[in-house]
Amino acid sequence: MGDAVTPTLSLDAVTKSFGQVEVLHGVDLTLNAGEVHALIGENGAGKSTIMKILGGFLAPTSGRVLLDGQPAPYSTGPQAETAGVIVIHQEFNLAPDLSVAANIFLGREISRGLRLDHAAMRAAAGDLLAQLDTTIRPDALIRDLSVPDRQMVEIAKALSRRARVLIMDEPSAALTHREVDALYAQVDRLRAEGVALMFCSHRLDEVERLADRITVLRDGAVVGRATRGGMTQDGMATAMVGRQLADIFPPKPSAAGDEMLRVEGVTVPGRVENASLTLRRGEVLGIAGLVGSGRTELAEAIAGLRSHNGRVTLMGQPLTIRAPADALAAGIAYLTEDRKGLGLFLDMSCGGNINLGVIARDERMAVIVISHDHGFLERWCDRVVDVSAGWSESTLGDRSGS
């Protein structure tokens, strides 16, 4: 029997605590060259914490991070990148006012003498984007790109760094089927070139498609491991939640209720042309289309974020929506696809962000933040937890990849 192969990157009995709360409990994990290792688990299982520790962004409370069998020679993200450990984060790390090419080579600019070689960076960025089968221009500004296009730029940026280890946190979540296929092709290429890859995803079909090994995480502990073909999608979902899922797809109501919302002939100049739809009480209406088809712009028009023509009625009453305040006053709320860039004030507290939705509707707006105690916020957080718990069994088994 031959000698055991030394993992490229590994965790040895790693724990992580935030204050008095331990969120990782003695995790052992290995990433091998030429292999895709999928890390799966429910939201809050500890996946992102593990990836941040591997990538140098967090230090373990106890245990070791090993690179080629030796203590990892890095303690920060930039040091990890120098060592060849690259992380594609779930949240974008892009400079919105710089071009695509400038973002891809940020901190590693190509120069000619004392000047930056912008032409060389644009050409190299174009080659990387072509590998991903995307039409994004290297000179486009990040702020002008859609969320899926920004994800493709993050992937191109990672590919440009010639990683020994590539850690991907939900890289396909915002991508179209064509872009997902291009991502899979790059994963297969990197595996063939001997890169060690970690792939985190809630899409169990792509885990089954890509993974050579699978590690299942639940409540900060490893609860299952398997090699390719050793765990079905149902088995993955069961291990993630800790119980049998008798009804992955719960029954839908047999009939919807009264009409709540009607959109007729809505046009957003240059984006949406003559769109109409109806939505009934107790109904979930999906709006599908490729990137650039106008899905987001239609939703933004209904929410008062875009000027539009057409007619919107709520419970049979016509609405005039010129601004988000008009939509909110009518009871229409909007959750943006770019939650970090457009959905939250990152420098404000959780309570401050939650309260923003009620300030416009409260006559005591000057004292809103002060007057609401922690009980108010906890009640809303508890409602979200209760609802998300009901979602988990249906979403874990999603085979659609959509």
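Which residue of strand 14 does V263 stand opposite? I looked this up to get started, and V263 stands opposite L277.

**Entry 1: ground rules.** I am working with a predicted model, where local features need pLDDT of at least 70, side-chain atom pairs count only at pLDDT 80 or more, and totals for chains, interfaces and linings use all residues. Residues are numbered from 1 along each chain as its sequence is written, and side-chain values use heavy atoms, with hydrogens and water left out. Helices (H or I, at least four residues) and strands (E, at least two) are DSSP runs, numbered from the N terminus. I call two strands paired if DSSP finds at least two bridges between them.

**Entry 2: strand 13 and its partners.** I found strand 13 (residues 259-268) running antiparallel to strand 14 (residues 272-280), with 6 bridges joining them. Their hairpin has 3 residues between the strands, and G270 takes a positive phi near 80° there. Strand 13 is also joined to strand 15 (residues 309-314) by 5 bridges, again antiparallel. In that pairing I saw E264 opposite R311 of strand 15.

Entry 3: Next I looked at an open sheet of 4 strands, in the order 2-1-4-5, with antiparallel pairing. Strand 2 (21-31) and strand 5 (70-71) are at the edges with a single partner strand each, so one side of each has no neighbour in the sheet. Strand 1 (residues 9-18) is joined to strand 2 by 7 bridges.

**Entry 4: two helices.** The axes of helix 5 (147-159) and helix 6 (177-192) come within 12 Å and cross at roughly 10°. Axes here are lines fitted to C-alpha atoms, for helices over the stretch in contact, with angles from 0 to 180 degrees between N-to-C directions. Helix 5 is therefore roughly parallel to helix 6 (angles under 35 degrees count as such). The contact (heavy atoms within 4.5 Å) is made by P148, D149, M152, I155 and L159 of helix 5 and E179, L183, Q186, R189 and L190 of helix 6.

**Entry 5: a pocket.** My last stop was the second largest pocket, lined by 15 residues, with L128, L159, S160, R162 and R189 nearest its centre. A pocket is an open set of points on a 1 Å grid over the protein atoms alone, where a 1.4 Å probe fits, with protein on both sides within 12 Å along at least five of seven lines; lining residues have an atom within 4 Å of a point. Helix 4 (118-131) gives the largest share of the lining, 4 residues.

Technical notes: Parallel < 35°, antiparallel > 145°, perpendicular 65-115°, else oblique.
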